[in-house]
Amino acid sequence: MQYEWKYKGHTVIPYEILYDDNIKMGYDVICPDGDVKRPDVSPYRATEDQIKRWIDLEYPERIGVGPLDDGDLDFLEANK
């Protein structure tokens, strides 16, 4: 299990979602104003870099049928 970490005044708290046949990861992001957000990223392969990019992009929602991935974040950054 990963431990919480900080980025630009945000606290990122990873947590496990246990199922009978697998484990998914979720993330609570506590914003500097105290608001709690959950990034819509893959519960199987999200990286710390993706969470940081999501914060930098000001918490975008999914833009396709699945969770945000690097391609989506690249697109959002290019069209910012």
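Me: How do you know whether Arg-53 is buried or exposed?

Reply: This is a predicted model, in which local features need pLDDT of at least 70 and side-chain atom pairs count only at pLDDT 80 or more, while totals for chains, interfaces and linings use all residues. Residues are numbered from 1 along each chain as its sequence is written, and side-chain values use heavy atoms, with hydrogens and water left out. Arg-53 has a relative accessible area of 11%, and a residue is called buried under 20%, exposed over 50% and partly exposed in between (1.4 Å probe, protein chains only), so Arg-53 counts as buried.

Me: What makes the contact of Arg-53 with Asp-70 a salt bridge?

Reply: The closest N and O atoms of Arg-53 and Asp-70 are 3.1 Å apart, and the term asks for a side-chain nitrogen of Lys or Arg within 4 Å of a carboxyl oxygen of Asp or Glu, so the pair meets the rule. The two partners lie in distant parts of the chain, Arg-53 in helix 1 and Asp-70 in helix 2, 17 residues apart. Asp-70, at 36% relative accessibility, is partly exposed. Through salt bridges that share partners, Arg-53, Asp-70, Asp-74 and Glu-77 are joined into one network.

Me: How many salt bridges does the rule give, and which one links Lys-8 to another part of the chain?

Reply: The count comes to eight. Among them, the side chains of Lys-8 and Asp-56 meet at 2.9 Å, N to O, and this pair joins the loop between strand 1 and strand 2, where Lys-8 lies, to helix 1, which holds Asp-56, 48 residues away. Lys-8, with a relative accessible area of 57%, is exposed, whereas Asp-56 is partly exposed because its value is 29%.

Me: What makes strand 3 a partner of both strand 2 and strand 4?

Reply: Strand 3 (residues 23-30) is joined to strand 2 by eight bridges, antiparallel, including those of Thr-11 with Ile-30 and of Glu-16 with Met-25, and the hairpin formed by strand 2 and strand 3 has four residues between the strands. Two bridges join strand 3 to strand 4 (residues 36-37), again antiparallel, with Val-29 opposite Lys-37. In the hairpin of strand 3 and strand 4, which has five residues between the strands, Gly-34 takes a positive phi near 95°.

Me: Why are the buried residues of helix 2 said to lie on the same side?

Reply: In helix 2 (residues 70-78), the buried residues are Asp-72, Leu-73 and Leu-76. They cover an arc of only 95° around the axis, which puts them on the same side of the helix, the arc being that of the directions from the helix axis to the C-beta atoms. These residues pack against helix 1 (48-56), where contact means heavy atoms within 4.5 Å.

Me: Which residues touch the most other members of the largest nonpolar core, and what makes such a set a core?

Reply: A nonpolar core is a set of buried Ala, Val, Leu, Ile, Met, Phe, Trp, Tyr and Cys residues joined through side-chain atoms within 4.5 Å. The largest has 15 residues, of which Val-12, Tyr-27, Val-29, Val-41, Ile-51, Ile-55 and Leu-68 touch the most other members. At least two residues of this core come from each of strand 1, strand 3, helix 1 and helix 2. Leaving aside neighbours within four places in sequence, Val-41 is in contact with Tyr-27, Ala-46, Ile-51, Pro-67 and Leu-68.

Note on methods. Pairing = 2+ DSSP bridges.
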